[in-house]
Amino acid sequence: GGTYPSGSVVKLIMAAAALQEKIITQNTTFLSTGGMELGDRFFKDWKVGGHGITNVNKVVAWSVNTFFYYVGGGYKDFIGLGVDRIIKYMLSFGIAQKTGVDLTGEAAGFAPSKDWKLKTKGETWYTGDTYNLSIGQGDLLVTPLQVAVWTAAVVNGGKVVQPHLVFKLEEPITHNTIPLNFSEHDVPVSAENLLIVRQGMRDCVTYGSCQLMKI
């Protein structure tokens with residue numbers, strides 16, 4: 001029922017989208033030096049001094065902001081995904097919609113857009129907004145359950161599965177069972193590209209910023 005900025009877990013979707021749209025390949029590299037200047041603003045990495053030369057596996061392993069600024073909003077001559085394509089992929093992974101879990105009080109969350117910002121804030125959408133969206137900040141809101149669902153979709157090969165607690169219903173007198181149907185759909189990302197993202201997730205545990213999870 002609670003909604004929050006997703007933070008870096010949205011980078012799984014961003015990496016998958018950038019690979020699928022051929023914005024990058026597994027071998028594309030960017031130099032992370034601690035952040036990027038855009039006009040009079042500085043969009044920083046969490047690591048002072050940056051992460052050096054990075055590719056998609058390394059940026060998932062170390063959650064490198066600069067890489068996702070590039071692939072999300074672009075920089076100089078490099079053309080990124082842009083907000084419209086980012087939102088398309090976020091929606092396909094279940095952001096801004098209820099999962100349909102069999103509990104009351106579920107929130108849908110929220111995905112911002114150019115039209116929404118203009119109508120509600122009276123402001124145009126800037127590249128900086130796309131940068132923030134690309135790392136799960138800004139006006140993006142998700143539920144913890146949505147995070148679990150889209151992470152599972154990356155891991156299971158691309159299926160967004162409706163979560164549930166109840167498997168079937170039983171009549172109290174006759175004990176006849178009533179099976180329940182639960183929905184699922186495929187995300188528009190190839191198995192090969194999802195595998196690349198999973199490799200980055202594994203790298204996060206083996207040598208990256210998730211080493212506390214190593215078993």
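The following legends describe views of a predicted model of one chain.

Local features need pLDDT of at least 70 and side-chain atom pairs count only at pLDDT 80 or more, whereas totals for chains, interfaces and linings use all residues. Residues are numbered from 1 along each chain as its sequence is written, and side-chain values use heavy atoms, with hydrogens and water left out.

**View 1. Overall fold of the chain.** Eight helices and eight strands make up the secondary structure; helices (H or I, at least four residues) and strands (E, at least two) are DSSP runs, numbered from the N terminus. The chain is as compact as a globular protein of 215 residues, because its radius of gyration is 19 Å, close to the 17 Å of the globule rule (C-alpha atoms; 2.2 Å times the number of residues to the power 0.38). The C-alpha trace spans about 70 × 45 × 30 Å along its principal axes.

View 2. Of the 215 residues, 43% are buried (under 20% relative accessible area, 1.4 Å probe, protein chains only). Among contacts (heavy atoms within 4.5 Å) with a separation of 6 or more, 67% come from residues 24 or more positions apart.

**View 3. Helix 6 and its surroundings.** Helix 6 covers residues 127-134, and its buried residues are Gly 128, Thr 130, Tyr 131, Leu 133 and Ser 134. These buried residues pack against helix 1 (11-20), helix 3 (65-73) and helix 4 (83-92), and also against strand 2 (35-38) and strand 3 (41-44).

Note on methods: Buried means under 20% relative accessible area, exposed over 50%, partly exposed in between (1.4 Å probe, protein chains only).
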